[in-house]
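Hi,

Here is the structure I promised to pass on. Have a look at it first, and then read on for the pockets.

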Amino acid sequence: MGQKINPLGFRLGTTQSHHSIWFAQPKKYSEGLEEDKKIRDCIKNYVQKNIRISSGMEGIARIEIQKRIDLVQIIIYMGFPKLLIEDKPRRIEELQMNVQKELNCANRKLNIAITRISNPYGHPNILAEFIAGQLKNRVSFRKAMKKAIELTEQANTKGIQVQIAGRIDGKEIARVEWIREGRVPLQTIEAKIDYCSYTVRTIYGVLGIKIWIFVDEE
């Protein structure tokens with residue numbers, strides 16, 4: 001009985017905290033949720049447009065949103081923030097303008113902060129981007145998976161599992177391939193597991209990448 005559940009939702013309140021922190025009345029909840037999605041999409045699009053040119057990765061690990069009555073605080077955790085920070089005030093102002101246009105919130109102040117994370121390859125989102133880049137360049141999926149595992153080993157993680165599904169290597173039939181290194185105890189709620197699912201568009205069609213990283217045990 002494979003009852004699959006998102007490992008992050010499964011651990012909420014124990015080892016995992018929310019990526020969005022705000023309170024809303026039941027009627028307004030869906031509006032708040034849509035607003036969060038708009039903010040995240042807007043930031044990702046901006047980073048893609050401005051950074052993709054020089055390096056192949058956006059390097060966003062996660063975006064945390066905290067909302068109060070008069071303030072929206074956004075913290076962007078990035079693995080390689082060099083490109084946003086080069087001419088920092090101008091880039092961040094431009095990003096703030098973009099997000100404000102998207103939200104059209106006249107009565108709320110918007111504040112964006114960028115935090116650099118150590119060991120970027122210990123974060124599944126950045127790793128998934130790396131694999132996606134390799135697959136787009138027609139590198140064999142096994143090579144890409146192995147390289148990703150080598151990168152996480154340098155980031156001192158206890159275990160990793162990578163799964164790719166779809167028309168791998170352009171074969172006629174879709175299949176699922178996965179590889180695991182170390183321990184990945186998905187049943188243990190105390191285990192801090194980082195997870196992401198990522199879609200990548202290749203010339204053969206869409207592939208799905210899922211990554212589970214076992215960080216440590218509480």
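Helices (H or I, at least four residues) and strands (E, at least two) are DSSP runs, numbered from the N terminus. This is a predicted model, where local features need pLDDT of at least 70 and side-chain atom pairs count only at pLDDT 80 or more, while totals for chains, interfaces and linings use all residues. Residues are numbered from 1 along each chain as its sequence is written, and side-chain values use heavy atoms, without hydrogens and water.

A pocket is an open set of points on a 1 Å grid over the protein atoms alone, where a 1.4 Å probe fits, with protein on both sides within 12 Å along at least five of seven lines; lining residues have an atom within 4 Å of a point.

Of its 41 lining residues, Leu8, His19, Ala61, Arg62 and Asn125 are the closest to the centre. Where does it lie? Between domain 1 (16-114) and domain 2 (118-212), because both give residues to its lining; the bounds come from an automatic or database domain assignment.

The second largest pocket comes to about 540 Å³. Its lining has 18 residues, with Glu31, Gly32, Glu35, Lys67 and Arg108 nearest the centre. Helix H2 gives the largest share of that lining, 5 residues, and helix H4 (88-103) supplies at least two.

Cheers

Technical notes:
Grid points are joined across faces, edges and corners, and a volume is the space filled by probe spheres set on the points.
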